[in-house]
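This briefing sets out the fold, the sheet, the helix packing and selected residues of one protein. The sequence and the model are shown first.

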Amino acid sequence: AAATAPTPVASTASSTLSKPFIQVAIFREESNATNAAAGLRSVGVVPVVRRSVSDGKSTWRVLVGPAPTTDDRAAMLSKVKALGYSDAYFVSG
C-alpha cells in the first residue's frame with residue numbers, strides 16, 4: 001500500500017490530548033507576555049496570550065498549542081525549552 005502524506009495541522013486544530021498546550025511562561029505585566037509572544041512568533045512558534053484574574057490581580061499566560069499528538073506536543077516542548085523557556089510544561093489550556 002502506498003503511504004499517504006500527513007495532513008498539515010493548523011495551530012487552532014482540536015486535540016484529543018488532556019493537556020494539548022504548553023505553558024511557556026506567566027507574567028504579571030501584559031507587555032512582558034506580548035514581548036515573549038512576539039519573540040516566539042519570530043522563530044516560527046505560534047503562541048497565544050491569555051489573561052487570568054486571581055484575587056483581583058491579573059496575570060498573562062503565554063501558551064503554545066494545541067498539539068494534535070503526543071509526538072507533536074513533545075517536539076513543541078523541546079523547541080520551546082531550547083529557546084530558553086526551561087520551565088515550560090504541558091497544560092489543558
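Strand 1 and strand 4 (residues 89-91) run antiparallel and are joined by three bridges. The model is a predicted one, in which local features require pLDDT of at least 70 and side-chain atom pairs count only at pLDDT 80 or more, while totals for chains, interfaces and linings use all residues. Residues are numbered from 1 along each chain as its sequence is written, and side-chain values use heavy atoms, with hydrogens and water left out.

**Overall architecture**

- The protein contains two helices and four strands; helices (H or I, at least four residues) and strands (E, at least two) are DSSP runs, numbered from the N terminus.
- Along the sequence, these elements follow the pattern β-α-β-β-α-β.
- Of the 93 residues in the protein, 29% are buried, where buried means under 20% relative accessible area, exposed means over 50%, and partly exposed lies in between (1.4 Å probe, protein chains only).
- Among contacts between residues at least 6 apart in sequence, 67% join residues at least 24 apart; a contact means heavy atoms within 4.5 Å.

- The four strands form an open sheet in the order 2-3-1-4, with antiparallel pairing; two strands pair if DSSP finds at least two bridges between them.
- Strand 2 (47-54) and strand 4 stand at the edges with a single partner strand each, so one side of each has no neighbour in the sheet.
- On average, neighbouring strands of this sheet are turned by 45 degrees against each other, direction ignored; axes are lines fitted to C-alpha atoms, for helices over the stretch in contact, and angles run from 0 to 180 degrees between N-to-C directions.
- Strand 1 also pairs with strand 3 in the antiparallel sense, over five bridges.
- Gln 23 stands opposite Tyr 89 in strand 4.
- Towards strand 3, Ile 26 has Arg 61 as its bridge partner, and Phe 27 stands opposite Trp 60.
- Strand 1 (residues 21-27) is largely enclosed by the rest of the structure, because six of its seven residues are buried.

**Helix packing and the nonpolar core**

- Helix 1 (residues 30-42) lies across strand 1, strand 2 and strand 3, and runs at about 5 degrees to strand 3.
- Helix 2 lies across strand 1, strand 3 and strand 4, and runs at about 30 degrees to strand 1.
- The largest nonpolar core has 14 residues, of which Val 24, Phe 27, Leu 40, Val 62 and Val 64 touch the most other members; such a core is a set of buried Ala, Val, Leu, Ile, Met, Phe, Trp, Tyr and Cys residues joined through side-chain atoms within 4.5 Å.
- Strand 1, helix 1, strand 3 and helix 2 are the elements that give two or more residues to this core, and strand 1 gives the most, with four residues.
- Leaving aside neighbours within four places in sequence, Val 64 is in contact with residues including Pro 20, Ile 22, Val 24, Leu 40, Met 76 and Val 80.

- Arg 73 belongs to helix 2 (residues 70-82).
- Arg 73 is buried but has no salt bridge, and the nearest side chain of opposite charge, Asp 71, is 8.8 Å away.
- A salt bridge here is a side-chain nitrogen of Lys or Arg within 4 Å of a carboxyl oxygen of Asp or Glu; Lys and Arg count as positive and Asp and Glu as negative, while His and the chain ends are not counted.
- Not counting residues up to four places away in sequence, Arg 73 touches Leu 17, Lys 19, Pro 20, Ile 22, Ala 67 and Phe 90.
- Ala 67 is found in the loop between strand 3 (57-64) and helix 2, and counts as buried because its relative accessibility is 0%.
- Ala 67 and Lys 19 are 48 residues apart in sequence and 8.7 Å apart in space, C-alpha to C-alpha.

**Backbone features in the loops**

- Most residues other than glycine have a negative phi, and most peptide bonds are trans.
- The peptide bond from Gly 65 to Pro 66 is cis, with omega near 5 degrees, and Pro 66 lies in the loop between strand 3 and helix 2.
- Asp 55, a residue other than glycine, has a positive phi near 55 degrees.
- Asp 55 lies in the loop between strand 2 and strand 3, and counts as exposed because its relative accessibility is 78%.
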